[in-house]
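The points are grouped by topic, from the overall fold to individual residues.

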Amino acid sequence: MTKAKTMVSSKCTSSLLAALLLVFMFSHPAAAYDPLDPNGNITIKWDVMSWTPDGYVAVVTMTNFQMYRHIMSPGWSMGWVWTKKEVIWSMVGAQATEQGDCSKFKDGNMPHCCKTNPTVVDLLPGVPYNQQIANCCKGGVVASWGQDPSAAVSSFQVSVGRSGTSNKTVKLPKNFTLMGPGPGYTCSQAKIVTPTPFISPDGRRKTQALMTWNVTCSYSQLLSSKYPKCCVSLSSFYNSTITPCPTCACGCQNKNKCVESDSKLSSVVGLHTPRKDNAPLLQCTQHMCPIRVHWHVKINYKQYWRAKIAITNFDYRYNYTQWTLVAQHPNLNNVTQVFSFNYKPIVPFQSKNDSGLFYGMKFFNDVLMEAGPNGNVQTEIIMEKDLETFTFREGWAFPRKIYFNGDECMMPPPDSYPRMPNSAHSFLPNLSLFWVLLTLLFF
């Protein structure tokens, strides 16, 4: 009897620990851990630059330290809750989406925003110079740190009233939220840190902020979407089989609203017109994903081998600006050449070098156009063989994982990968000439 009670107690304890772990994962921003980018986050820094009669002026800087996850159009939106009865008198480089109830102010000096939970968005490019500050006004688009660190920053200035006027009386905002542009980010509470130093342009004088606090926001794909946002298909020169994306890889909730590829597209309402909620208008496919990544094992050389990657957009409403692709494969530790894409190795741990970041060349293919004839980009990679590990057997030549814009794509099941013919050997001396010619002609 005692043994049975002990077993029941042990099971209850295990269930409780599992439940607590799930609660922790959904409530704690640090739980959104990415093994390929363990230090990736978005840091929001508030620097109080001066005190005013009823508050302060602060410069808010958002820095995207994520290696391969950027913020696309229509851009970020940031929110928080005031601790006192603060108001926003004015803003430079951004604006609050709503003014709120400012009826208590009757002297003609109307605040920019009186809401206790304001939501702030970046200004669009081309606003007058007197409304701009450095790193503002990009429509909320922020590059990833791996693509371009200089473009991974967004800033605005805010003048806060009805607040404290010293380090001891200021109350930090709380309950920060970040949409980038959709859900997925969880933000920590604000924390006072060492004031930010500033160096004069001539480098001869150093000043510092009067007060600084930081907020750290981490991304979780689980919070972003119930279903994957992309899928992977596979093919090879040594097998005529093409492994498609899994059926309903991204969910089939849009199956009744999709567009047949051979339909009269000009008659479709909402074509090429993005919506505020980013709802897609997908081409009808068996996978129903907005993005498909195809990996083709193309050619085998004596000391090298070549693979082709093609990214196709099936969304008629959305262009992907500054897109990124991350592939995980053991032979990416020895890349010889990449055509038509920019490439950077991702080495989160010195002991492992099996991941790489691909992204478009500026003004050439850094925009993945909407579904249609131009809705694809592609590259080819040449990798040097390590004769101790290299093989075409058991799907070794295919990627372990693929990420598009920071979200992991749905891979086909391993038992469906194109297989080596039984009569073939590691270096394919008996390969059919037919498939070689077919590869050269069509891939």
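In this predicted model, Pro181 is found in the loop between β8 (174-179) and β9 (185-187).

**Overall composition**

- The protein contains three helices and 26 strands.
- Of its 443 residues, 46% count as buried.
- Among contacts between residues at least 6 apart in sequence, 72% join residues at least 24 apart.
- The accessible surface comes to about 23,000 Å², and carbon and sulfur atoms account for 56% of that area.

**Nonpolar cores**

- In soluble globular proteins, nonpolar side chains tend to be buried together.
- The largest nonpolar core holds 38 residues, and those with the most contacts inside it are Trp295, Trp305, Ile311 and Phe404.
- Two or more residues of this core come from each of β14 (230-236), β16 (291-300), β17 (304-313), β19 (324-328), β24 (376-384) and β25 (401-404).
- A second, separate core has 35 residues, including Trp46, Ile88, Val120 and Ala190.

- β14 runs parallel to β16, and seven bridges join the two strands.
- Within this pairing, Leu234 stands opposite Trp295 of β16, and Trp295 is also among the residues with the most contacts inside the largest core.
- β14 also pairs with β15 (residues 239-243), here in the antiparallel sense and over two bridges.
- A hairpin connects β14 to β15 through two residues, and Ser236 stands opposite Asn239 in β15.

**An open five-stranded sheet**

- Five strands form an open sheet in the order β21-β22-β19-β25-β26, with antiparallel pairing.
- Its edge strands are β21 (341-346) and β26 (407-408), each of which pairs on one side only.
- Inside the sheet, β19 and β25 run antiparallel and are joined by four bridges.
- Leu325 has Phe404 of β25 as its bridge partner; Phe404 is likewise among the residues with the most contacts inside the largest core.

**Local backbone geometry**

- Most residues other than glycine have a negative phi, and most peptide bonds are trans.
- A further cis peptide bond joins Ser73 and Pro74, with omega about 10°; Pro74 is found in the loop between β2 (55-64) and β3 (77-81).
- Asn135 has a positive phi, near 65°, although it is a residue other than glycine.
- Asn135 lies in the loop between β6 (119-122) and β7 (153-161), and it counts as partly exposed because its relative accessibility is 37%.
- Phe363 is a residue other than glycine with a positive phi, near 65°.
- Phe363 is placed in the loop between β22 (355-360) and β23 (367-368). With 78% relative accessibility, Phe363 is over the 50% cut-off and therefore counts as exposed.

Technical notes. Residues are numbered from 1 along each chain as its sequence is written. This is a predicted model: local features need pLDDT of at least 70, side-chain atom pairs count only at pLDDT 80 or more; totals for chains, interfaces and linings use all residues. Side-chain values use heavy atoms; hydrogens and water are left out. A nonpolar core is a set of buried Ala, Val, Leu, Ile, Met, Phe, Trp, Tyr and Cys residues joined through side-chain atoms within 4.5 Å. Buried means under 20% relative accessible area, exposed over 50%, partly exposed in between (1.4 Å probe, protein chains only). Contact means heavy atoms within 4.5 Å. Accessible areas come from the Shrake-Rupley method with a 1.4 Å probe; for residues, only the protein chains shown count as cover. Two strands pair if DSSP finds at least two bridges between them.
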